[in-house]
Amino acid sequence: MRLPLSKWKVLRRVALFLLLALGAGWLFDAAWQFCLLVALVLLGWHYKHIFMLDRWLWQDKKLTPPAGDGVWQQVFDGIYTQQRRDRKKRKELRALVRRFRDGAEALPEAIVVLSKDWTIIWCNQLAQILVGLRWPSDHAQRIDNLIRHPEFQQYLQQGDFKAALELASPMNEELTLEFRLIPYGESEQLLIVRDITHLKQLEQIRKDFVANVSHELRTPLTVLQGYLEVMEADELPEQGVWRKAHPVMLEQTRRMDSLVQQLLTLSRIESSSRGNFDTVVDVPAMLVVLQLEAETLNREKQHRIQFDIEPGLKVKGIAEELRSAFSNLVTNAIKYTPPGSDIQVSWKRQHQKAVFAVNDNGDGIAPQHVKRLTERFYRVDSARSRANGGSGLGLAIVKHVLSRHNSRLIIFSAPKEGSSFSFSLPAELVIPVKKKSQLAKAKG
Ligand code: ADP
């Protein structure tokens with residue numbers, strides 16, 4: 001390693017030149033002229049090196065520095081070492097970027113690196129195939145200018161990227177793509193696009209299969225149930241297996257029928273597109289009917305059931321689906337609580353939303369089950385649920401109904417303390433109350 005330039009050494013050398021000039025000047029009686037001459041020689045020498053440096057930096061293609069003298073050699077070598085260091089660093093950086101790009105190209109997803117203002121910094125090849133971007137010509141273009149789908153624009157504007165967005169590919173309508181935006185670094189964003197066509201097809205096959213099987217099972221079940229119901233118990237022989245088998249067969253066919261009905265309901269809700277939210281549902285009237293049904297169901301168990309319904313609180317939605325959600329929650333509270341429990345059902349306006357809640361003081365549910373209750377066929381105690389005529393589909397139906405109404409089921413439950421099942425319908429679905437002046441106007 002070279003030592004840094006010594007200030008004293010340089011000053012000493014300059015002083016020596018001056019002394020020599022003064023000495024020679026004294027001899028010839030021309031001290032100042034000699035000093036001027038030495039200064040001019042020194043200046044010329046420095047200019048020569050400045051020109052050498054300039055030629056090396058801007059014109060020569062050579063990497064090695066020119067051969068200089070004295071202090072200038074030190075400067076040339078310093079620049080050369082710095083350049084070598086920079087070149088090495090640039091090489092390392094280029095290798096790193098190449099490795100990152102190769103990695104991103106090897107991914108089975110389309111990757112687009114975006115800046116804070118949605119302009120494209122880089123995209124891989126799959127982004128060109130799936131989304132139709134062009135590289136490098138689309139560099140620095142805004143992504144929302146290239147993907148013009150209104151839902152995509154909305155997705156970018158709403159700013160909440162926890163959920164992914166599903167869209168048809170702009171290149172091929174038959175492909176379904178999943179768009180996911182991940183902020184990273186200081187202000188960059190990563191747009192990851194996945195082809196989920198195959199997953200969608202599988203999901204559709206599953207839905208169709210369940211719907212078809214349920215549909216096909218309906219006819220034979222109806223026939224069986226019909227015959228069993230008309231078969232008068234009196235006509236059966238007093239003794240023998242038929243007398244025992246008949247009620248069991250009838251009960252089991254009814255259970256199967258209810259299971260098939262629930263599966264069909266679930267398939268219908270799943271496959272129907274966004275509902276007709278222009279229909280006004282008179283929930284208070286619906287809950288009055290439900291209260292009567294609950295009282296009939298409650299005859300055996302003698303629960304204390306209280307309904308607290310806000311009159312006139314109507315919502316926009318799909319009546320049949322909402323009825324099914326209300327009914328499932330109330331029926332569950334009756335079915336899964338010990339006799340004599342307290343059950344409170346309420347339908348209230350809260351902060352412009354409509355809140356439905358069913359609270360009971362039954363046995364409650366252990367925490368490990370609570371988060372799984374809305375899965376299909378999930379039952380806390382299969383034997384008990386089956387004995388109650390349950391299939392484990394009730395809360396799955398509620399979940400789907402609520403998701404179609406932009407809401408979700410909230411469950412609080414603790415063993416021995418009881419349970420609370422509730423949901424709130426968003427303000428945009430709630431019919432606003434008419435003010436007195438409006439009512440008077442309407443009457444007038
Ligand atoms: P099912 O259709 O069999 O009634 P659900 O999906 O409606 O099934 O409910 C799933 C499980 O949740 C039930 O098996 C039951 O164990 C539990 N559960 C539902 N509601 C309550 C409640 N109010 N109290 C205690 N357990 C409940």
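I started at Gln352, which sits in the loop between strand E9 (342–350) and E10. This is a predicted model, so I kept the confidence scores open beside the coordinates. I looked up phi for Gln352 and found a value near 70 degrees. That is a positive phi in a residue other than glycine. I noted the background: most residues other than glycine have a negative phi, and most peptide bonds are trans.

Next I checked the peptide bonds. The bond from Trp135 to Pro136 is cis. Its omega is near 10 degrees. I located Pro136 in the loop between helix H4 (125–130) and helix H5 (143–146).

Then I turned to the ligand. Which pocket does the ligand take up? I found that its space is the largest pocket. I listed 19 residues around the ligand. Asn332, Tyr336, Ser391, Gly392 and Leu395 come nearest.

I sorted the shell by residue type. It holds 9 nonpolar, 7 polar and 3 charged residues. I also asked which elements supply at least two residues of the shell. They are helix H10 (319–335), helix H13 (394–404) and strand E12 (418–425). H10 gives the largest share, with 3 residues.

In the side chain of Tyr336, an N or O atom is 2.7 Å from a ligand oxygen. At Leu395 a polar backbone atom is 2.8 Å from a ligand oxygen. How much of the ligand's accessible area does the protein cover? On its own the ligand has 550 Å², and the protein covers 96% of that.

Last, I read the confidence. The chain averages a pLDDT of 89. I noted that 94% of the residues score at least 70. Which element of the chain has the lowest mean pLDDT, and which the highest? Helix H14 (residues 436–443) is lowest, with a mean of 60. Strand E10 (residues 353–360) is highest, at 97. Where pLDDT is low, the predicted coordinates should not be read in detail. I have marked H14 in my notes as the element with the lowest mean score.

Key: Residues are numbered from 1 along each chain as its sequence is written. This is a predicted model: local features need pLDDT of at least 70, side-chain atom pairs count only at pLDDT 80 or more; totals for chains, interfaces and linings use all residues. Side-chain values use heavy atoms; hydrogens and water are left out. A residue is near a molecule or strand if one of its heavy atoms lies within 4 Å of it. A polar contact is a pair of N or O atoms within 3.5 Å; within protein, one must be able to donate a hydrogen and the other to accept it, and residues adjacent in sequence count only if both atoms are side-chain atoms. Accessible areas come from the Shrake-Rupley method with a 1.4 Å probe; for residues, only the protein chains shown count as cover. On a 1 Å grid over the protein atoms alone, a cavity is a set of points where a 1.4 Å probe fits but cannot get out, and a pocket is an open set with protein on both sides within 12 Å along at least five of seven lines; lining residues have an atom within 4 Å of a point. A molecule sits in a cavity or pocket if more than half of its atoms lie within 2 Å of its grid points. Helices (H or I, at least four residues) and strands (E, at least two) are DSSP runs, numbered from the N terminus. Ala, Val, Leu, Ile, Met, Phe, Trp, Tyr, Cys and Pro count as nonpolar, Asp, Glu, Lys and Arg as charged, and the others, Gly among them, as polar. pLDDT is the predictor's confidence in each residue, from 0 to 100.
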